[in-house]
Amino acid sequence: MRVLLIKTSSLGDVIHTLPALTDAARAIPGIQFDWVVEEGFAEIPAWHPAVAHVIPVAIRRWRKNLWQTLRSGEWRRFKRRLREARYDLVIDAQGLLKSALLTRYTKAPVVGLDRDSAREPLASRFYDRRYPVAWGQHAVERVRQLFAQALDYPLPEGVGNYGLNRAQLADAPGGAPYLLFLHGTTWDTKHWPEKYWRELAERACDHGWHVRLPWGNPTEKARAERIAEGLEKAAVLPKLSLAGMAKVVAGARACVAVDTGLGHLAAALDVPTLSLYGPTNPGFTGAYGRSQIHLGSDFPCAPCLKKTCAYKPTAEDLRLFDLEREQPLCFTRLNPQRVATQLEALLLTEDIH
(Lines give C-alpha, C1' and ligand atoms only; values in the text may rest on other atoms or scores of the structure.)
Protein backbone atom coordinates (compact mmCIF):
# COMPACT_ATOMS: atom_id res chain seq x y z
CA MET A 1 0.00 0.00 0.00
CA ARG A 2 1.31 3.45 -0.93
CA VAL A 3 0.12 6.52 0.98
CA LEU A 4 0.82 10.21 0.51
CA LEU A 5 1.10 12.04 3.83
CA ILE A 6 0.77 15.80 4.04
CA LYS A 7 2.20 17.32 7.21
CA THR A 8 4.25 20.32 6.25
CA SER A 9 5.26 22.02 9.51
CA SER A 10 6.23 22.97 12.19
CA LEU A 11 9.21 21.04 13.59
CA GLY A 12 7.22 19.80 16.57
CA ASP A 13 4.19 18.91 14.44
CA VAL A 14 6.34 16.91 12.03
CA ILE A 15 7.96 14.98 14.88
CA HIS A 16 4.56 14.36 16.50
CA THR A 17 3.48 12.51 13.34
CA LEU A 18 6.22 9.85 13.48
CA PRO A 19 4.54 7.49 16.00
CA ALA A 20 1.50 7.22 13.72
CA LEU A 21 3.77 5.95 10.93
CA THR A 22 5.19 3.34 13.28
CA ASP A 23 1.66 2.21 14.20
CA ALA A 24 0.70 1.93 10.52
CA ALA A 25 3.86 0.04 9.54
CA ARG A 26 3.23 -2.53 12.27
CA ALA A 27 -0.44 -2.92 11.39
CA ILE A 28 -0.04 -3.06 7.59
CA PRO A 29 3.13 -4.90 6.49
CA GLY A 30 4.74 -3.35 3.44
CA ILE A 31 2.97 0.01 3.67
CA GLN A 32 5.06 2.91 2.40
CA PHE A 33 4.62 6.64 2.76
CA ASP A 34 5.64 9.59 0.65
CA TRP A 35 5.68 12.71 2.81
CA VAL A 36 5.05 16.31 1.75
CA VAL A 37 6.91 18.54 4.20
CA GLU A 38 8.39 22.04 4.36
CA GLU A 39 11.92 22.07 2.95
CA GLY A 40 13.42 23.16 6.28
CA PHE A 41 12.23 19.95 7.95
CA ALA A 42 12.77 17.56 5.03
CA GLU A 43 15.54 15.63 6.78
CA ILE A 44 13.24 14.31 9.51
CA PRO A 45 10.80 12.08 7.56
CA ALA A 46 13.72 10.30 5.89
CA TRP A 47 14.82 8.99 9.29
CA HIS A 48 11.70 6.82 9.58
CA PRO A 49 11.90 3.41 7.86
CA ALA A 50 8.29 3.56 6.58
CA VAL A 51 8.98 6.69 4.50
CA ALA A 52 9.95 5.93 0.91
CA HIS A 53 10.21 9.45 -0.52
CA VAL A 54 10.28 12.93 0.95
CA ILE A 55 8.63 15.63 -1.19
CA PRO A 56 9.83 19.07 -0.05
CA VAL A 57 7.45 21.98 -0.32
CA ALA A 58 8.36 25.62 0.24
CA ILE A 59 5.06 27.35 0.95
CA ARG A 60 6.67 29.90 3.25
CA ARG A 61 9.38 30.85 0.75
CA TRP A 62 7.04 30.71 -2.25
CA ARG A 63 4.62 33.14 -0.62
CA LYS A 64 7.39 35.68 -0.10
CA ASN A 65 8.70 35.37 -3.67
CA LEU A 66 5.62 34.47 -5.72
CA TRP A 67 6.89 35.85 -9.03
CA GLN A 68 10.26 34.10 -8.68
CA THR A 69 8.50 30.86 -7.77
CA LEU A 70 6.42 30.96 -10.93
CA ARG A 71 9.39 31.89 -13.11
CA SER A 72 11.62 29.17 -11.68
CA GLY A 73 9.07 26.42 -12.33
CA GLU A 74 9.29 25.07 -8.74
CA TRP A 75 5.54 25.17 -8.22
CA ARG A 76 4.86 23.56 -11.59
CA ARG A 77 7.31 20.72 -10.89
CA PHE A 78 5.82 20.14 -7.46
CA LYS A 79 2.28 19.84 -8.85
CA ARG A 80 3.44 17.53 -11.63
CA ARG A 81 5.15 15.23 -9.13
CA LEU A 82 1.92 14.83 -7.16
CA ARG A 83 -0.20 14.33 -10.27
CA GLU A 84 2.06 11.70 -11.80
CA ALA A 85 2.47 9.56 -8.68
CA ARG A 86 -0.01 6.77 -7.94
CA TYR A 87 -1.26 6.50 -4.38
CA ASP A 88 -3.87 4.36 -2.69
CA LEU A 89 -4.70 7.11 -0.22
CA VAL A 90 -3.79 10.67 0.76
CA ILE A 91 -3.81 11.66 4.44
CA ASP A 92 -3.82 15.34 5.32
CA ALA A 93 -2.62 15.25 8.91
CA GLN A 94 -2.21 19.02 9.14
CA GLY A 95 -5.87 20.02 9.08
CA LEU A 96 -5.20 23.46 7.63
CA LEU A 97 -6.51 25.12 4.51
CA LYS A 98 -3.00 25.38 3.06
CA SER A 99 -2.41 21.64 3.45
CA ALA A 100 -5.88 20.71 2.19
CA LEU A 101 -5.29 22.75 -0.97
CA LEU A 102 -2.22 20.64 -1.77
CA THR A 103 -4.42 17.52 -1.96
CA ARG A 104 -6.13 18.93 -5.08
CA TYR A 105 -3.15 17.86 -7.17
CA THR A 106 -3.45 14.17 -6.34
CA LYS A 107 -5.71 11.53 -7.90
CA ALA A 108 -6.19 9.28 -4.88
CA PRO A 109 -8.97 9.49 -2.26
CA VAL A 110 -8.19 12.15 0.36
CA VAL A 111 -8.90 11.74 4.07
CA GLY A 112 -8.51 14.05 7.03
CA LEU A 113 -10.12 15.41 10.16
CA ASP A 114 -13.77 16.41 10.22
CA ARG A 115 -14.81 20.03 10.66
CA ASP A 116 -15.08 19.74 14.44
CA SER A 117 -11.61 18.21 14.74
CA ALA A 118 -9.50 20.18 12.24
CA ARG A 119 -7.63 23.30 13.27
CA GLU A 120 -9.24 25.08 10.33
CA PRO A 121 -12.74 23.59 9.78
CA LEU A 122 -12.86 24.74 6.15
CA ALA A 123 -10.07 22.28 5.32
CA SER A 124 -12.45 19.34 5.79
CA ARG A 125 -14.38 20.37 2.66
CA PHE A 126 -11.49 19.08 0.54
CA TYR A 127 -11.61 15.53 1.94
CA ASP A 128 -13.45 12.51 0.57
CA ARG A 129 -13.60 10.97 4.04
CA ARG A 130 -13.58 12.85 7.33
CA TYR A 131 -12.83 11.46 10.77
CA PRO A 132 -13.55 12.78 14.27
CA VAL A 133 -10.65 13.05 16.72
CA ALA A 134 -11.33 14.60 20.11
CA TRP A 135 -9.57 17.74 21.25
CA GLY A 136 -8.08 17.97 24.73
CA GLN A 137 -5.45 15.26 24.25
CA HIS A 138 -1.82 15.23 23.18
CA ALA A 139 -1.06 15.99 19.54
CA VAL A 140 0.73 12.64 19.09
CA GLU A 141 -2.37 10.75 20.18
CA ARG A 142 -4.62 12.79 17.88
CA VAL A 143 -2.50 11.92 14.82
CA ARG A 144 -2.33 8.25 15.85
CA GLN A 145 -6.12 8.14 16.06
CA LEU A 146 -6.52 9.77 12.66
CA PHE A 147 -4.20 7.21 11.04
CA ALA A 148 -5.91 4.26 12.72
CA GLN A 149 -9.30 5.37 11.37
CA ALA A 150 -8.03 6.33 7.93
CA LEU A 151 -6.14 3.04 7.43
CA ASP A 152 -8.65 0.86 9.32
CA TYR A 153 -6.57 -0.82 12.01
CA PRO A 154 -7.07 -1.02 15.80
CA LEU A 155 -5.37 1.80 17.66
CA PRO A 156 -2.37 0.29 19.49
CA GLU A 157 -2.34 0.63 23.24
CA GLY A 158 0.45 2.30 25.17
CA VAL A 159 2.90 5.06 24.37
CA GLY A 160 3.62 5.65 20.70
CA ASN A 161 7.01 4.77 19.21
CA TYR A 162 8.75 7.36 17.02
CA GLY A 163 10.54 4.63 15.07
CA LEU A 164 13.91 6.42 15.10
CA ASN A 165 17.29 4.84 15.83
CA ARG A 166 19.15 7.06 18.30
CA ALA A 167 22.40 5.12 17.99
CA GLN A 168 22.33 5.43 14.20
CA LEU A 169 21.90 9.20 14.32
CA ALA A 170 24.43 9.90 17.09
CA ASP A 171 28.13 10.53 16.55
CA ALA A 172 30.56 7.80 17.50
CA PRO A 173 31.07 7.68 21.30
CA GLY A 174 33.89 9.84 22.58
CA GLY A 175 34.54 12.91 24.66
CA ALA A 176 33.10 13.92 28.00
CA PRO A 177 29.39 13.40 28.70
CA TYR A 178 27.45 16.61 28.27
CA LEU A 179 24.16 18.28 29.02
CA LEU A 180 22.38 20.13 26.24
CA PHE A 181 20.56 23.37 27.03
CA LEU A 182 17.85 24.00 24.42
CA HIS A 183 17.24 27.65 25.22
CA GLY A 184 15.81 28.89 21.89
CA THR A 185 12.12 29.06 21.11
CA THR A 186 9.58 31.17 19.22
CA TRP A 187 7.22 33.15 21.44
CA ASP A 188 8.80 35.65 23.83
CA THR A 189 6.65 34.24 26.61
CA LYS A 190 8.05 30.72 26.19
CA HIS A 191 11.61 31.82 27.00
CA TRP A 192 12.99 30.79 30.38
CA PRO A 193 14.82 33.89 31.68
CA GLU A 194 18.42 34.18 30.54
CA LYS A 195 19.39 34.88 34.16
CA TYR A 196 18.08 31.44 35.07
CA TRP A 197 19.95 29.71 32.24
CA ARG A 198 23.17 31.30 33.45
CA GLU A 199 22.61 30.16 37.04
CA LEU A 200 21.79 26.64 35.89
CA ALA A 201 24.91 26.52 33.71
CA GLU A 202 27.03 27.61 36.67
CA ARG A 203 25.51 24.91 38.87
CA ALA A 204 26.01 22.21 36.22
CA CYS A 205 29.63 23.18 35.58
CA ASP A 206 30.36 23.32 39.31
CA HIS A 207 29.14 19.72 39.53
CA GLY A 208 31.53 18.64 36.80
CA TRP A 209 29.15 18.54 33.85
CA HIS A 210 29.99 19.85 30.42
CA VAL A 211 27.25 22.06 28.96
CA ARG A 212 26.56 22.57 25.26
CA LEU A 213 24.51 25.48 23.90
CA PRO A 214 23.11 25.39 20.34
CA TRP A 215 21.66 28.34 18.46
CA GLY A 216 19.71 28.98 15.29
CA ASN A 217 19.91 32.73 14.74
CA PRO A 218 22.07 35.70 15.83
CA THR A 219 19.87 36.50 18.83
CA GLU A 220 20.14 32.93 20.13
CA LYS A 221 23.89 32.88 19.48
CA ALA A 222 24.39 36.06 21.51
CA ARG A 223 22.32 34.62 24.36
CA ALA A 224 24.28 31.35 24.28
CA GLU A 225 27.56 33.27 24.44
CA ARG A 226 26.38 35.24 27.46
CA ILE A 227 25.24 32.07 29.23
CA ALA A 228 28.59 30.35 28.61
CA GLU A 229 30.86 33.36 29.21
CA GLY A 230 33.72 32.54 31.58
CA LEU A 231 32.56 28.96 32.22
CA GLU A 232 35.33 26.54 31.28
CA LYS A 233 33.01 23.57 30.84
CA ALA A 234 30.32 25.44 28.88
CA ALA A 235 30.61 25.73 25.09
CA VAL A 236 28.59 27.41 22.36
CA LEU A 237 28.12 25.06 19.41
CA PRO A 238 28.76 26.09 15.81
CA LYS A 239 25.83 26.68 13.45
CA LEU A 240 24.38 23.25 12.69
CA SER A 241 22.00 21.78 10.15
CA LEU A 242 19.01 19.84 11.42
CA ALA A 243 20.88 16.58 10.85
CA GLY A 244 23.89 17.96 12.69
CA MET A 245 21.68 19.09 15.53
CA ALA A 246 20.13 15.63 15.71
CA LYS A 247 23.60 14.13 16.22
CA VAL A 248 24.29 16.49 19.10
CA VAL A 249 20.89 15.80 20.68
CA ALA A 250 21.29 12.03 20.26
CA GLY A 251 24.68 12.13 21.99
CA ALA A 252 23.55 14.17 25.02
CA ARG A 253 23.37 12.67 28.48
CA ALA A 254 20.26 14.77 29.06
CA CYS A 255 18.61 17.98 27.87
CA VAL A 256 16.97 20.95 29.53
CA ALA A 257 14.51 22.58 27.15
CA VAL A 258 11.84 25.21 26.88
CA ASP A 259 8.77 24.57 24.73
CA THR A 260 10.64 24.20 21.44
CA GLY A 261 10.86 21.92 18.44
CA LEU A 262 14.29 20.68 19.49
CA GLY A 263 12.77 19.49 22.75
CA HIS A 264 10.42 17.30 20.73
CA LEU A 265 13.41 16.03 18.76
CA ALA A 266 15.08 15.03 22.03
CA ALA A 267 11.94 13.12 23.01
CA ALA A 268 11.81 11.38 19.62
CA LEU A 269 15.42 10.27 20.08
CA ASP A 270 14.65 8.97 23.58
CA VAL A 271 17.02 11.44 25.28
CA PRO A 272 16.10 12.18 28.93
CA THR A 273 14.77 15.74 28.94
CA LEU A 274 13.49 18.22 31.47
CA SER A 275 11.10 20.59 29.68
CA LEU A 276 9.96 23.92 31.12
CA TYR A 277 6.49 25.32 30.43
CA GLY A 278 5.19 28.74 31.40
CA PRO A 279 2.39 29.96 29.11
CA THR A 280 1.86 26.67 27.26
CA ASN A 281 0.18 23.41 28.26
CA PRO A 282 2.40 20.29 28.22
CA GLY A 283 -0.71 18.11 28.28
CA PHE A 284 -1.43 19.04 24.67
CA THR A 285 1.99 19.61 23.07
CA GLY A 286 4.56 18.63 25.68
CA ALA A 287 7.59 16.49 24.92
CA TYR A 288 6.14 12.99 24.43
CA GLY A 289 7.95 9.80 25.31
CA ARG A 290 10.03 7.95 27.86
CA SER A 291 12.12 9.90 30.39
CA GLN A 292 10.37 13.16 29.57
CA ILE A 293 9.81 15.32 32.64
CA HIS A 294 7.48 18.32 32.33
CA LEU A 295 7.76 21.22 34.74
CA GLY A 296 4.72 23.42 34.27
CA SER A 297 4.26 26.72 36.06
CA ASP A 298 1.51 26.96 38.67
CA PHE A 299 1.43 30.75 38.41
CA PRO A 300 -2.17 32.06 38.71
CA CYS A 301 -2.54 32.82 35.00
CA ALA A 302 -0.60 29.85 33.59
CA PRO A 303 -1.02 28.34 31.09
CA CYS A 304 -2.39 31.40 29.31
CA LEU A 305 -1.42 30.29 25.77
CA LYS A 306 -0.52 33.89 24.94
CA LYS A 307 2.44 35.12 22.90
CA THR A 308 2.49 38.39 24.85
CA CYS A 309 2.38 38.44 28.64
CA ALA A 310 -0.64 40.36 29.95
CA TYR A 311 0.05 39.82 33.65
CA LYS A 312 0.23 42.96 35.80
CA PRO A 313 2.88 42.64 38.55
CA THR A 314 1.73 43.14 42.12
CA ALA A 315 3.55 45.01 44.88
CA GLU A 316 4.70 41.62 46.19
CA ASP A 317 6.12 40.74 42.76
CA LEU A 318 8.05 44.02 42.75
CA ARG A 319 9.54 43.12 46.12
CA LEU A 320 10.46 39.53 45.30
CA PHE A 321 11.61 39.57 41.68
CA ASP A 322 13.84 41.42 39.27
CA LEU A 323 11.20 42.51 36.78
CA GLU A 324 13.83 43.31 34.16
CA ARG A 325 15.52 39.90 34.22
CA GLU A 326 12.83 37.50 35.45
CA GLN A 327 10.22 37.70 32.72
CA PRO A 328 7.69 36.30 32.17
CA LEU A 329 6.91 35.99 35.86
CA CYS A 330 5.21 32.61 35.44
CA PHE A 331 8.73 31.14 35.18
CA THR A 332 9.62 32.36 38.66
CA ARG A 333 7.84 29.21 39.86
CA LEU A 334 10.48 27.25 37.93
CA ASN A 335 13.60 28.88 39.36
CA PRO A 336 17.13 27.49 38.77
CA GLN A 337 17.25 25.74 42.14
CA ARG A 338 14.05 23.81 41.44
CA VAL A 339 15.14 22.96 37.90
CA ALA A 340 18.59 21.84 39.07
CA THR A 341 17.03 19.56 41.69
CA GLN A 342 14.72 17.98 39.10
CA LEU A 343 17.60 17.58 36.66
CA GLU A 344 19.72 15.80 39.26
CA ALA A 345 16.81 13.45 40.03
CA LEU A 346 16.35 12.72 36.31
CA LEU A 347 20.04 11.92 35.86
CA LEU A 348 20.06 9.71 38.94
CA THR A 349 16.99 7.81 37.73
CA GLU A 350 18.61 7.20 34.35
CA ASP A 351 21.82 5.98 36.01
CA ILE A 352 19.83 3.46 38.09
CA HIS A 353 18.09 2.16 34.96
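I took helices (H or I, at least four residues) and strands (E, at least two) as DSSP runs, numbered from the N terminus. On that basis I recorded 14 helices and 12 strands in the chain. I note that the model is predicted.

**Overall form.** Along the principal axes, I found that the C-alpha atoms fill a box of roughly 60 × 50 × 45 Å. I then looked up burial: 52% of the 353 residues are buried. Of the contacts with a separation of 6 or more, 62% join residues 24 or more positions apart.

**Surface and charge.** For the 46 positive and 38 negative charges, I recorded mean positions 8 Å apart.

**Aromatic pairs.** My search of the whole structure returned 8 aromatic pairs. I class Tyr162 and Tyr288 as edge-to-face because their ring centres are 6.3 Å apart and their planes stand at 80 degrees, the cut-off being over 60. Tyr162 sits in the loop between α6 (139-151) and α7 (166-169), and Tyr288 in the loop between α12 (282-285) and β12 (292-296), so that this pair links parts of the chain 126 residues apart. I found both Tyr162 and Tyr288 buried.

I next examined Phe181 and Trp197, a tilted pair with 5.4 Å from centre to centre and 40 degrees between the planes. Phe181 belongs to strand β7 (residues 178-182) and Trp197 to helix α8 (residues 194-206), so the pair ties together parts 16 residues apart in sequence. Phe181 and Trp197 are both buried. I also recorded that ring pairs join Phe181, Trp192, Tyr196 and Trp197 in a cluster.

Technical notes: Residues numbered from 1 in each chain as written. Predicted model: local features only at pLDDT ≥ 70, side-chain atom pairs only at ≥ 80, totals over all residues. Heavy atoms only, no water. Buried < 20%, exposed > 50% of the residue type's maximum accessible area, 1.4 Å probe, protein only. Contact = heavy atoms within 4.5 Å. Lys, Arg positive; Asp, Glu negative; His and termini not counted. Charge placed at Lys NZ, Arg CZ, Asp CG, Glu CD. Phe/Tyr/Trp six-rings, centres within 6.5 Å; stacked < 30°, edge-to-face > 60°.
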